[in-house]
Protein chains: 2
Amino acid sequence: MLAEIITIGDEILIGQIVDTNSAWMAKELNLIGIKVKQITSVSDDAEHITEALALAEKRAKVILITGGLGPTKDDITKITLAKYFNMGFRRDEATLAHITEIFRRHNRPMIESNNMQADVPDGCTVIKNENGTAPCMWFEHNGNIIVSMPGVPFEMMYLMQEQILPRLKESFKLPFIVHKTILTANIGESFLAVEIEQIENSLPEHIKLAYLPKLGQVRLRLSSTGPEETVLKEEVEYYAQQIIAKVKKYVVVEEDIALEKAILNIMNERKLTLSTAESCTGGYIAQLITQHPGCSSVYIGGAVVYSNKLKESVLGVNPETLNNHGAVSEQTVKEMALGALTHFRTDYAVAVTGVAGPDGGTPGKPVGTVWIAVASSSRVIARLFNFGNKRAQNIERSAIAALTMILNELNQYGD
Amino acid sequence: MLAEIITIGDEILIGQIVDTNSAWMAKELNLIGIKVKQITSVSDDAEHITEALALAEKRAKVILITGGLGPTKDDITKITLAKYFNMGFRRDEATLAHITEIFRRHNRPMIESNNMQADVPDGCTVIKNENGTAPCMWFEHNGNIIVSMPGVPFEMMYLMQEQILPRLKESFKLPFIVHKTILTANIGESFLAVEIEQIENSLPEHIKLAYLPKLGQVRLRLSSTGPEETVLKEEVEYYAQQIIAKVKKYVVVEEDIALEKAILNIMNERKLTLSTAESCTGGYIAQLITQHPGCSSVYIGGAVVYSNKLKESVLGVNPETLNNHGAVSEQTVKEMALGALTHFRTDYAVAVTGVAGPDGGTPGKPVGTVWIAVASSSRVIARLFNFGNKRAQNIERSAIAALTMILNELNQYGD
């Protein structure tokens, strides 16, 4: 089963916004067994939209369109779709009531262009957009399904999860698909492939293994398709456990979640707390953690200690350590981690200090040199890393390495 | 002049990576007066690549292709391009020497697939990729220019800036284009449009004004195209100054840079220092600031104080203040800012405390309630905000509001 995504709107084509919607949609479609053949971004132009849609219909059975549904004159998606499907317009009363209610709640006056958001092509099925005024429209055409959704990410995401994905599964009577993801770290894709070659070769036809590498991590995803969900789950689990047993020391999580979310889950369950002490990552680790709702049961807070003075005053790093070994050293990073542990009174603390670049490198400590430490009541460990030489990459890889080290400590001293 | 972007590779189509390249390229092309007509993401499939390229050639004169140039068998871009342009292959000696040098430097053995990265279609111009092994290839075909680049962002960016953009300007003898961007905050796009309507209507034909809104900010971009660069600059500056005079109180920066970069520039020039005290933004502000190389001359560091205990121990917030007014209150946010100012010894400090959600809201302080304070030796000011109700948005809008407040303080007490 193939799908295509069409995004409409000049914001993407002038580079004002990055299209994050398409990647998210593609991932979700993949999980229910629908493959994305092409993603196309076109302008708010009737002819261009029509051309893209007609071509997409030749290649795929599902076309998901986002954007171009606002109340302003630029947004001609709806008129173009009606013309394409040869439909007239009707005013959808349920949508109008919903829009009116939203305006009432925000105490804002409605003008005619707001009413017109309730006008829809008369042959479409309207799907209520709980989080906004633009309705979602579902068309069936030549055996294909075409869905038009607003481009606002959370409106689109909610619609996809609650409405579109279940309806697509239903419409095409898609076979069950079961996934199991194993997150590995500290091993490259090709080396991993060698390690698990035999298991991979023994997989039955209907179970696929995908390698999804990303900055020092590789996600292994087993996907199994068939008519019996329970059987699929058992099979996938069977092969997953074989892989895990074979590469145990590289496995960090047996779920498809972010590293920091895995840490929060484990620590929350064990009622442990965490703090951070960041120099070169500059708050990036704290920010990754605090993205997640409910993180406050585990994460107490931390310090961004860019200057040496703050390393001393906030974390209690000894000025002599800084003097003798420098800010980027095993001694300093350990004192930072221990300082966070005691000053912030947490069960675990992580510390990072390094040369993110582009400046600040020396022959002995070139750009990309990073020390990371994890401290707990049982011990403090530190590791030296040498990453690339671009600032953004060094920061991101440092954060991933730090989170991996915390997870390793938790896995080791855990159960 | 129209361009199209084609990205090749399954990573985007399975949602494993977000395509940030295209937005960046579109923005850069726009700045030299080339408009992007369509962005297309296709799979590593010869027929599909050929179809996309043929269609793009009908719509645009410049086609920029990224991705699909790695050494693995999946990457069939090069073979497909050679076939499409009806070319044979040659081994490019300069490229081979460059690849060999990279492997030598990293002390890694070369295998045949690495050598093959130096094979290129014999009718293309090879452009050296300073940052990687995959060469950039420039084709001229039916009066169109087609460029194939690696998909690794920093390799692509370097190639675009140093090579492709200058060559495109040269090839098409593009007219000069001069931009001036004014960043405004605290005013909506439509209200801004009313304010400057008369100035907009008085603009000559060759000067365009674009509204680029993004989360509480609107960038106004004046673009002028013509044969005489000096004249264009003077004209654009003339109209920019009219706009600035008209909406002065909403203008935060007169340059196309990020808010935090504008802060760093001003503070660096005035030799001022900054610290942060973040609760609900969880390190996001620190992270925005520390993205920028050289930030350490201004930014000393800060605290992420998720728990009340840390607000007390790290920032010296009075327990009674927290007890009497709560963590999300004017009193607390002011003590946080003053605490950062004194404990971290900086000239300015910013503090944020709020309910990011989805949990933690109360009838009096619903999700999205955020207090922000900026402290300096002259005064401490605090403002209450009520943002939306999604966590990620609340965090991002809080950060933007905090940075805007710092800029306003600097602009007010500055010169």
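This is a predicted model: local features need pLDDT of at least 70, side-chain atom pairs count only at pLDDT 80 or more; totals for chains, interfaces and linings use all residues.
- Zooming in on chain A, β7 (residues 136–141) and β8 (residues 144–149) run antiparallel and are joined by 5 bridges.
- One residue pair to look for there is M137(A), whose bridge partner in β8(A) is S148(A).

**Helices on that sheet**

- Helix α2(A) is mostly covered, with 9 of its 11 residues buried.
- Among the buried residues of α2(A) are W24(A), M25(A) and L29(A), along with the likes of N21(A), E28(A) and N30(A).
- After α2(A) comes G33(A), which has a positive phi, near 90°.

**The 4-strand sheet of chain B**

- This one is an open sheet too, ordered β10-β11-β9-β12 (chain B), and its pairing is antiparallel.
- Its edge strands are β10 (207–214) and β12 (251–253) of chain B, each with a single partner strand, so one side of each lacks a neighbour in the sheet.
- Ignoring direction, neighbouring strands here are turned by 35° against each other on average.
- Strand β9 (residues 176–185) of chain B pairs with β12(B) over 2 bridges, in the antiparallel sense.
- T184(B) is the residue that stands opposite V251(B) in β12(B).
- Helix α2 (residues 21–31) of chain B lies across β9 and β11 of chain B, at about 120° to β9(B).
- Helix α10 (residues 229–246) of chain B also packs on this sheet, touching β9, β10, β11 and β12 of chain B, and its direction makes about 15° with that of β9(B).

**A buried serine in that sheet**

- Strand β11 (residues 217–226) of chain B holds S224(B).
- S224(B) counts as buried because its relative accessibility is 0%.
- Leaving out residues up to four places away in sequence, S224(B) touches F176(B), I177(B), V178(B), H206(B), I207(B), L232(B), E235(B) and V236(B).

- In chain A, helix α13 (residues 308–315) and helix α15 (residues 330–343) pack at an angle of about 35°, and their axes are 9 Å apart.
- On the α13(A) side the contact uses K311(A), V314(A) and L315(A), while α15(A) brings T332(A), E335(A), M336(A), G339(A), A340(A) and H343(A).
- By class, the residues of this α13(A) and α15(A) contact divide into 4 nonpolar, 3 polar and 2 charged.
- In chain B, helix α13 (residues 308–315) and helix α15 (residues 330–343) pack at about 35° with axes 9 Å apart.
- The chain B contact is made by K311(B), V314(B) and L315(B) of α13(B) with T332(B), E335(B), M336(B), G339(B), A340(B) and H343(B) of α15(B).
- That α13(B) and α15(B) contact has 4 nonpolar, 3 polar and 2 charged residues.

**Domains and cysteines**

- Chain A is split into domain 1 (2–171), domain 2 (176–253) and domain 3 (259–413).
- Taken over C-alpha atoms, the centres of domain 1 and domain 3 of chain A are 43 Å apart.
- How many disulfides are there over all chains? The count is 0.
- For C280(A), the nearest cysteine sulfur belongs to C295(B) and is 11 Å away.
- C280(A) counts as buried, at 5% relative accessibility.
- For C124(B), the nearest cysteine sulfur is that of C136(B), 8.8 Å away.
- C124(B) is buried as well, with a relative accessible area of 7%.

Methods
Residues are numbered from 1 along each chain as its sequence is written. Chains are lettered from A and ligands numbered from 1 in the order in which they are written. Side-chain values use heavy atoms; hydrogens and water are left out. A disulfide is a pair of cysteine sulfur atoms within 2.5 Å. Buried means under 20% relative accessible area, exposed over 50%, partly exposed in between (1.4 Å probe, protein chains only). Domain bounds come from an automatic or database domain assignment. Axes are lines fitted to C-alpha atoms, for helices over the stretch in contact, and angles run from 0 to 180 degrees between N-to-C directions. Contact means heavy atoms within 4.5 Å. Ala, Val, Leu, Ile, Met, Phe, Trp, Tyr, Cys and Pro count as nonpolar, Asp, Glu, Lys and Arg as charged, and the others, Gly among them, as polar. Two strands pair if DSSP finds at least two bridges between them.
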